[in-house]
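Subject: Structure handover

Hello,

Here is the structure you asked about. My notes follow below it.

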Amino acid sequence: MSESWKRGGYFDLDRKLTQAASLRLEMNEPTFWDDRERAVEVSQTAESLEQEVSSWKNLLDDVRQLEELIALSSEQKDMSLEEESNKQFTLLQKKFQELEF
């Protein structure tokens, strides 16, 4: 994972993964369900963090695939690949905006 994805804010995926793992450890404690309300809150938080990290990682994978498509398009001077690259870029922009907010 590149350094820019590790720094604070939306892209601090390592911190979010660590936090989710910590919550999962807490969930394995024998007394975890003694406070049902807190247990539900912790479970939902862990799930939310894991889903957020997964969404960002999927977007990063999609961006990498687009980079490969653009490189191929450039090498082959294939206009159909260029058009497909533009479509994919637009879709990735939308995904990013959805994740950002």
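A search of the whole structure finds seven salt bridges. A salt bridge here is a side-chain nitrogen of Lys or Arg within 4 Å of a carboxyl oxygen of Asp or Glu. Side chains of opposite charge can pair when their charged atoms come close.

Please keep in mind that this is a predicted model: local features need pLDDT of at least 70, side-chain atom pairs count only at pLDDT 80 or more, and totals for chains, interfaces and linings use all residues. Residues are numbered from 1 along each chain as its sequence is written, and side-chain values use heavy atoms, with hydrogens and water left out.

Overall fold

The protein has three helices and zero strands. Along the sequence the pattern reads α-α-α. Helices (H or I, at least four residues) and strands (E, at least two) are DSSP runs, numbered from the N terminus. Buried residues make up 23% of the 101 residues. Buried means under 20% relative accessible area, exposed means over 50%, and partly exposed lies in between (1.4 Å probe, protein chains only).

Start with glutamate 52 and lysine 16. They form a salt bridge, and the closest N and O atoms are 2.6 Å apart. Glutamate 52 lies in helix H2 and lysine 16 in helix H1 (residues 13-27), so the pair ties together parts that are 36 residues apart in sequence. Lysine 16 is buried, at 9% relative accessible area. Glutamate 52 is partly exposed, at 26%.

Which residues join it in a network of salt bridges? Glu47 and Glu50 are linked with Arg24 in that network. The arginine 24 and glutamate 47 side chains meet at 3.4 Å, N to O. Arginine 24 sits in helix H1 and glutamate 47 in helix H2, so this pair ties together parts that are 23 residues apart in sequence. For glutamate 50 and arginine 24, the closest N and O atoms are 2.7 Å apart. That pair also links distant parts of the chain: glutamate 50 is in helix H2, arginine 24 is in helix H1, and they are 26 residues apart.

Arginine 24 is partly exposed, at 28%. Glutamate 47 is partly exposed, at 35%. Glutamate 50 is partly exposed, at 29%.

Aromatic pairs

The structure holds two aromatic pairs. Rings of Phe, Tyr and Trp (its six-membered ring) pair if their centres lie within 6.5 Å; planes under 30 degrees apart count as stacked, over 60 as edge-to-face and the rest as tilted.

Phenylalanine 32 is buried, with a relative accessible area of 8%. Tryptophan 33 is partly exposed, at 46%.

The other is tryptophan 56 with phenylalanine 96. Their ring centres are 5.7 Å apart and their planes are at 75°, so this pair is edge-to-face. Tryptophan 56 lies in helix H2 (residues 36-76) and phenylalanine 96 in helix H3 (residues 79-100), so the pair ties together parts that are 40 residues apart in sequence. Is tryptophan 56 buried or exposed? Tryptophan 56 is buried, with a relative accessible area of 0%. Phenylalanine 96 is partly exposed, at 29%.

A charged patch

Asp34, Asp35, Glu37 and Glu41 gather in a patch of negative charge on the surface. Patches are made of residues with over 30% relative accessible area and no salt bridge: like charges are joined within 9 Å, nonpolar side chains (Val, Leu, Ile, Met, Phe, Trp, Tyr) within 5 Å. Lys and Arg count as positive, Asp and Glu as negative; His and the chain ends are not counted. The place of a charge is taken as NZ of Lys, CZ of Arg, CG of Asp or CD of Glu. Areas come from the Shrake-Rupley method with a 1.4 Å probe; for residues, only the protein chains shown count as cover. Aspartate 35 is placed in the loop between H1 and H2. Aspartate 35 is partly exposed, at 42%.

One more residue

Isoleucine 70 lies in helix H2 and is partly exposed, at 43% relative accessibility. Isoleucine 70 and glutamate 84 are 14 residues apart in sequence and 9.0 Å apart in space, C-alpha to C-alpha.

Best wishes
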